[in-house]
Amino acid sequence: MNNNRKIVIDPVTRIEGHLRIEIEIDANNMIREAWVSGQLFRGIETILKGRDPRDAGLIAQRICGVCTNVHYRASISSVEDAYGITIPKNAEIIRNLVTLSLFVQDHIVHYYHLHSLDFVDITSALSADCATAEKEAEKFSANPYHNSIPHLEYIKEKLSSYVKAGRLGLFANGYWGHKSYQLSPEQNLIHMSHYLEALNIQREISKAVAIFAGKTPHPQNLVVGGVTSVAEILNPQRLNDFLFIIKEVRDFIERAYIPDMLILVNGYRDSIKSGEGRASGNFMGCGGYRFGKQSVLFESGVIHGHNFENIAPFDATKITEEASRSWYEKDAPLSPYEGETIPFYTDLNEDGTLKSEGKYSWIKAPRYDGAVMEVGPLARMIIGYSKHSHVIRPYMERFMKSAQMELIDFSTTIGRNAARAVEAQICCDYLFDMMSDLIENVKYLDETTWTKYIFEEMASSAKGAGIFEVPRGVLGHFVRIDNAKIANYQAVVPTTWNASPKDAHNIRGAYEESLIGITLIDPEKPLEVLRVIHSFDPCLACAVHVIDATGKELSQYKIMNECSL
């Protein structure tokens, strides 16, 4: 007799988009099976068909309201690749400055505002002794960020005011008091101080991004052939404004983010050593972000089964997507150039659970040479370390020494967070190197930001891809052009890789695999599940979008022509 029972978490909050998790636990509350379901349909690929390829970026960036620059860039780059257009060095640097600034912003926002409360008990912070908290912070940093006793007392009073008012505001609906919380009241208070400071930091990074991108979250500075940020690179004050903000952000990373991660590792070391949140150990990275004469920020490669000594080269032609467990027609694996986006929705079971034996998600199942892959900061840091990257390895070694971690320890829930923090530190530091490259170019009168081309003289049929490392992992936009119009378009995004449903061989995606074997302390409060899933930084808006399954018309939109504006 099967005594297993199902638990449904729908929706998973503190993520971007709509995600449903179903788990099956045994009599000992151990997770034996899991189903991850993206709950809304993404139809951008269909919208792009028949469009002018030069317009693709402006439409594709609307895939997400968080990851806008990276979709914009990958889309523009796919068209450039199709037509063989090489952009100027200055354009590449400006694109890198914006993208890597978003790496830093995304990682800070993810940890503090989307994920930290899975480990930090806010109500516990109310009993902290501020003098003890001040000394505790000094154990993890020689110069802790905003660590005076008066400041900590102010933060404690601010948190207390929420509770006394009978509401926790943006901190509502947590599992406060859960037995799996491990940090001391003082450590919780330190984290909450930095939580509030991080709200200011992420706002400042948005200002830095807007210097070159025009605005955020939907920038407008990219065009096929380069960028429009011409005045900015010729204005020393604008360049200095950018550097000033990044300097302030680096100060926060060094004195708050990294020390907080050391606190987290120290407090949850048992979770790390037990391998909690570990997936299959297959990691993929496409590498990239050039600076200097021959250096790259990230290394490319593919690792299978945690075999860190054997790294295969990355080959984009081995990427396929299938839909045997996804709500689409045509289940077979297809190259993204040939992929299709034809919805085929099947209902849930009568009790509201997923049809676990059939299709159960709007997310497709990407595979690399037939294998599941995990992408993201964890993959990048492990690949870079294992390939002896002169950029990544020193940062990883320094953190591993301070945190007393081995490389395998990063392949866990806590480890994903540690890898993300180290990556934020790397990206922030190397923004200065890339800015130096830009200043050097302008100094020697290289002010070019756009490669001239004549669209009418380009091949009427072509195909290309824009494949980049972005905050959550490997992103690929694939375009096929016929008769100077988009004939087919597919975006294979990081969350599609990680949140993949099972495939035709019943192999779980990274989210699902990372949940197997975890024991819940309290099945009514499945905090352990949220910790694992949040550690990937889900962005379901990238993976899925909007549909009404009954065919009901939701709204009508009219595009006005120029004469009616």
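Leaving aside its neighbours within four places in sequence, which residues is Ser514 in contact with? The list is Gly277, Arg278, Ala279, Arg416, Val532 and Phe536, where contact means heavy atoms within 4.5 Å.

A quick word on the ground rules. This is a predicted model, so local features need pLDDT of at least 70 and side-chain atom pairs count only at pLDDT 80 or more, while totals for chains, interfaces and linings use all residues. Residues are numbered from 1 along each chain as its sequence is written, and side-chain values use heavy atoms, with hydrogens and water left out.

Ser514 counts as buried because its relative accessibility is 1%; the cut-offs are under 20% relative accessible area for buried, over 50% for exposed and in between for partly exposed, using a 1.4 Å probe and protein chains only. A polar atom of the Ser514 side chain lies 2.7 Å from the backbone oxygen of Tyr511. For a sense of distance, Ser300 is 214 residues away from Ser514 along the chain, and their C-alpha atoms are separated by 23 Å.

Arg531 sits in helix α17 (residues 527-534). Arg531 is buried yet has no salt bridge, a salt bridge being a side-chain nitrogen of Lys or Arg within 4 Å of a carboxyl oxygen of Asp or Glu. The nearest side chain of opposite charge is Glu276, 4.8 Å away; for charges, Lys and Arg count as positive and Asp and Glu as negative, while His and the chain ends are not counted.

What does the side chain of Arg531 make a polar contact with? Its partner is the side chain of Tyr268, at 3.4 Å. A polar contact is a pair of N or O atoms within 3.5 Å; within protein, one must be able to donate a hydrogen and the other to accept it, and residues adjacent in sequence count only if both atoms are side-chain atoms. A polar atom of the Arg531 side chain also lies 2.7 Å from the backbone oxygen of Asp118. Neighbours within four places in sequence aside, the residues in contact with Arg531 include His115, Phe119, Ser180, Tyr181 and Thr413.

Three strands make an open sheet in the order β1-β2-β3, with antiparallel pairing. The edges are β1 (5-9) and β3 (31-38), each with a single partner strand, so one side of each is left without a neighbour in the sheet. Neighbouring strands are turned by 15 degrees against each other on average, direction ignored. Angles run from 0 to 180 degrees between N-to-C directions, and axes are lines fitted to C-alpha atoms, for helices over the stretch in contact.

Strands pair if DSSP finds at least two bridges between them. β1 and β2 run antiparallel and are joined by 5 bridges, with Arg5 opposite Ile25 in β2. Strand β2 (residues 19-25) and β3 pair in the antiparallel sense over 7 bridges. Glu24 stands opposite Glu33 in β3, and Ile23 has Ala34 in β3 as its bridge partner. Helix α17 packs on this sheet, touching β1, β2 and β3, and its direction makes about 130 degrees with that of β2.

β2 is mostly covered, with 7 of its 7 residues buried. Leu19, Ile21, Ile23 and Ile25 are on one side, Arg20, Glu22 and Glu24 on the other. The hairpin of β2 and β3 has 5 residues between the strands, and Asn29 takes a positive phi near 65 degrees there.

**Salt bridges**

How many salt bridges does a search of the whole structure find? It finds 30, including these:

| Salt bridge | Closest N and O atoms |
|---|---|
| Glu92 and Arg290 | 2.4 Å |
| Lys273 and Glu406 | 3.6 Å |

Glu92 is buried, with a relative accessible area of 17%, whereas Arg290 is exposed, at 53%. Glu204 and Lys207 are 3 residues apart in helix α8 (residues 185-213), so about one helical turn separates them. Glu204 is partly exposed at 23% relative accessibility, and Lys207 is partly exposed at 44%.

Methods:
Helices (H or I, at least four residues) and strands (E, at least two) are DSSP runs, numbered from the N terminus.
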